[in-house]
Amino acid sequence: MSLLTAASLGLAMALAEGPEEPAAAVTAFSVSGYMQADAVAWSQRSVDELDPSTGAPLNQNRFLIRRARVHGDVSQGPFSAVAEIDGNTIAGPSVRLIEARVSARWPADGPALAVLSAGLQRIPFGYEVRLHARDRFFLEGSQVARALFPGDYDLGIEIQGAWRFLRCQVAVMNGEPTSERTLPAADPNAAKDVVGRVAAVGTIGPVGLEVGVSGLEGAGFHPGTPSTKDTVVWRDVNEDGVAQLSELQVVAGSPATPSESFRRFALGGDLQLSVPVPALGRLELGAEVIWASNLDRGLFVADPVARSRAVRELGFSAGAVQRLPAGFAIGARFDRYVPDADARDLQGARLVPFDSSLSTWALAASWSWRRTARVVLELDLNDNALGRGADGAPARLASDSLTARAEVAF
């Protein structure tokens, strides 16, 4: 066979087979999770009684499952999706979707310079809100974080980028976090919250450093009320069981009031340091401060329309964790939250400034075995100014507690 004939035959076979198909993209799938079982050994707020309004038990000395989460992650090329389910017994057995988002990254290979995500995801504000519950040293977040960003997750779209030592996250979200007390994971108004964080991450010699600035601008919602009719009330003044004209009283109805939206915002700053300590381990230092207006959605829901004035909130936290050999660690954190900086209290015939602050000293010790198991013992010394004495005057409310946690991850 001549060379020309062989070449012609090879070309014909190649054309018959068609062009070579590209290799299919590799799909990666992983499943992980963890469970946190708590034992509240002692709580000053505990009472062997039921709440008269809700019927919920007021006893706090109990065993409970704080979190039992399963996380699934799938990716192919530049695209990925994650979903996480949470179960707990905080207020009875419950299971809920805690995270569900789809993402696209650029570039597809190597370190990502930009990632676009949509769905139910973490709120990109501050340091503590963005930190996963399993990665926190202390049992729960600070009171200011739980008040302003209850549940840590919200629905929206987010873009994040990284360049050298800079990190940036910007999101447009509903503004109704998953654990909000009024409308969790819903959105009653068309306005959306814009929230984001810019941070610098790096090292200075052996010291790790992260500095971040966060902001939020959005609109809250005040629900309107329907109209009511006139009603007749009978008060049996002489207790004879017979209705008399003088004992009948007309209560006038009220017109409907429309729903309203109101402005809310927040500014925050955070600082994290990691310093090696000879013969001990790494010392982790952190501090965060948040100034906000009309943003409380978890502890004391802010409604400036109902109060006829804006509600200013202020909170900060500062803590230190010393990592020790053999998996041991100790830490202390102080946090303070002022839900209403302009609070007033009626004492006698005068309105006087009222301290509405809540503060906590959290003292904790833990032991970890690799990344699989951890045991934590934490004493919370709570200073609560919202109590009342026998005479009705403001008093400190005793609410200290001691909690042990066992955690296992897979």
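A cavity is a set of grid points where a 1.4 Å probe fits but cannot get out. The exercises below apply this term, and several others, to a predicted model.

**Exercise 1. Determine how many cavities of 30 Å³ or more the whole structure holds, and describe the largest cavity.**

Step 1. The search of the whole structure returns two cavities of 30 Å³ or more.

**Exercise 2. Characterise the second largest cavity and identify which element gives the most to its lining.**

Step 1. The volume of the second largest cavity is about 30 Å³.

Step 2. Glu-128, Ser-142, Val-144, Ala-145, Glu-288, Val-289, Ile-290 and Ser-317 line the second largest cavity.

Step 3. S13 gives the most, with three residues.

Step 4. By class, the lining of the second largest cavity divides into four nonpolar, two polar and two charged residues.

**Exercise 3. Locate the nonpolar patch on the surface and classify Val-194 as buried, partly exposed or exposed.**

Step 1. The patch is formed by Leu-116, Ile-157, Ile-159, Val-170, Val-172 and Val-194, which together have about 460 Å² of accessible area.

Step 2. At least two residues of the patch come from each of strand S6 (153-163) and strand S7 (166-173).

Step 3. Val-194 belongs to strand S8 (residues 193-204).

**Exercise 4. Examine the backbone geometry at Pro-107, Ala-185 and Ser-308, and state where each residue lies.**

Step 1. The peptide bond from Trp-106 to Pro-107 is cis, with omega near -5°. Pro-107 is in the loop between strand S4 (94-106) and strand S5 (114-122).

Step 2. Ala-185, a residue other than glycine, has a positive phi, near 60°. Its place is the loop between S7 and S8. Ala-185 counts as partly exposed because its relative accessibility is 37%.

Step 3. Ser-308 also is a residue other than glycine with a positive phi, here near 65°. Ser-308 is found in the loop between helix H3 (304-307) and strand S14 (312-323). With a relative accessible area of 67%, Ser-308 is exposed.

Definitions and conventions. Residues numbered from 1 in each chain as written. Predicted model: local features only at pLDDT ≥ 70, side-chain atom pairs only at ≥ 80, totals over all residues. Heavy atoms only, no water. Patch = residues over 30% accessible without salt bridge, like charges linked within 9 Å, V, L, I, M, F, W, Y side chains within 5 Å. Areas by Shrake-Rupley, 256 points an atom, 1.4 Å probe, with all protein chains shown as cover. Salt bridge = Lys/Arg side-chain N within 4 Å of Asp/Glu carboxyl O. Helix = DSSP H or I, 4+ residues; strand = E, 2+ residues; numbered from the N terminus. 1 Å grid on protein atoms, 1.4 Å probe; cavity = no way out; pocket = protein on both sides within 12 Å on 5 of 7 lines; lining within 4 Å. Points joined across faces, edges and corners; volume = space filled by probe spheres on them. Nonpolar A, V, L, I, M, F, W, Y, C, P; charged D, E, K, R; others polar. Buried < 20%, exposed > 50% of the residue type's maximum accessible area, 1.4 Å probe, protein only.
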